[in-house]
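Biologist: I am new to this structure. Please show me how to read its features.

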Amino acid sequence: MRQAGRYLPEYRRIRERTTFLELCKTPELAAEVTVQPVDILGVDAAIVFADILLLLEAMGAELRFEAGDGPRFPAPVRTAADVDRLRRPDVEAALGYVFSTIRAARRSLDGRVPLIGFAGSPWTLAAYLVEGAASTSFPHLLAWSYADPAGLRRLLDRIADATLDYLRGQIDAGAQAIQIFDTWGGLLAARRWDALARPSLERILEGLPAGVPRIVYVRDGSHLLETLGGLPAEVLSIDWRVPLSEARRRTGGRKALQGNLDPCALLGSIAAIRDETARVLSEGAGGPHIVNLGHGILPQTPVENARAFVAFAQGVS
Ligand code: CP3
């Protein structure tokens, strides 16, 4: 959950010298940033420092990160001809820097904790690519989903093909678990998520080599829990909107759960962080639970608060 990032002075020091995209593409620095939260917070896993949107750049879409502006695709994909122009990348040539980061991070971690690889879900990647920028309502994406669902599904399938190549490359390079981020799946009603977002996601999950745990994160997906319980994945990562006990019941107890501390809780007092973490732990106690935040750590988070969360969770469990 963006455990590397701007809340860490050690990250900001590296970022002063380089842009976000350059940092992602410089394996030696990206590996250093990957390992920072393990050394500084004492977390029990590392996640490779990269971004879900890098795959779309590799498919031929120009990607920009502008300060304070979030990601932008200056030429959004909105027609069948736009979809045709996207290529299935040679992932070794186009994204080999991520694989090099994974190899370097594994060397530096030296078996201390496992390393997680990741990708965006096709639906969430399409959300940024079709809209051209971050949004909260994604009008172009949703208009397309009603006007021409088959055309949009063709885009999702293309993204899924490239994602499978990319994730297999990450696993070959040393990623020991895979997390897929469906940050915008919650925009869809359950019936529409099943029809639009699920098929391409499922194809990725089913295409991964056996033995590598699969984690699926859906933000704002409380209304999707019943259908998520049937996904071919070992772990469901959920945000903070429903208690883990309810998530466990509504997913039929079929999945390990990950989450679900509200990232804003880390902005409060240490006593409040302990209370909230204790509540999350007790609500998750009905089955396997990976303690985590329900979404990315906020840049304003005091490092000592993040450390208190990790230490308290480890002490209790
Ligand atoms: O978790 C980690 O430490 C690994 C690295 C990681 C990043 N992004 C680095 C990053 C991971 C796992 C992601 C996933 C990601 N990227 C998601 C899915 C998870 C989620 O947050 O919902 C999404 C939607 C993106 C796309 C993205 N990248 C956005 C919308 C933004 C801008 C938002 C912001 O906070 O500025 C980014 C930028 C980004 N990706 C940063 C980091 C550390 C901040 C960039 C900086 O240093 O300026």
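Modeller: We start with the model itself, then turn to the ligand and the cysteines.
This is a predicted model, where local features need pLDDT of at least 70, side-chain atom pairs count only at pLDDT 80 or more, and totals for chains, interfaces and linings use all residues. Residues are numbered from 1 along each chain as its sequence is written, and side-chain values use heavy atoms, without hydrogens and water.

Biologist: Which side chains have a polar atom 2.5 Å from a ligand oxygen?

Modeller: A polar contact pairs N or O atoms within 3.5 Å. Arg6 has a polar side-chain atom 2.5 Å from a ligand oxygen, and Tyr11 has one at 2.5 Å from a ligand oxygen. For His295, a side-chain N or O atom is 2.7 Å from an oxygen of the ligand.

Biologist: How many disulfides are there?

Modeller: A disulfide is a covalent bond between the sulfur atoms of two cysteines. The rule asks for cysteine sulfur atoms within 2.5 Å, and the count is zero.

Biologist: Is Cys24 buried or exposed?

Modeller: Buried means under 20% relative accessible area, exposed over 50%, partly exposed in between (1.4 Å probe, protein chains only). Cys24 is buried because its relative accessible area is 1%. Cys264 is partly exposed, at 44%.

Methods
Polar contact = N/O pair within 3.5 Å; in protein donor to acceptor, adjacent residues only side chain to side chain.
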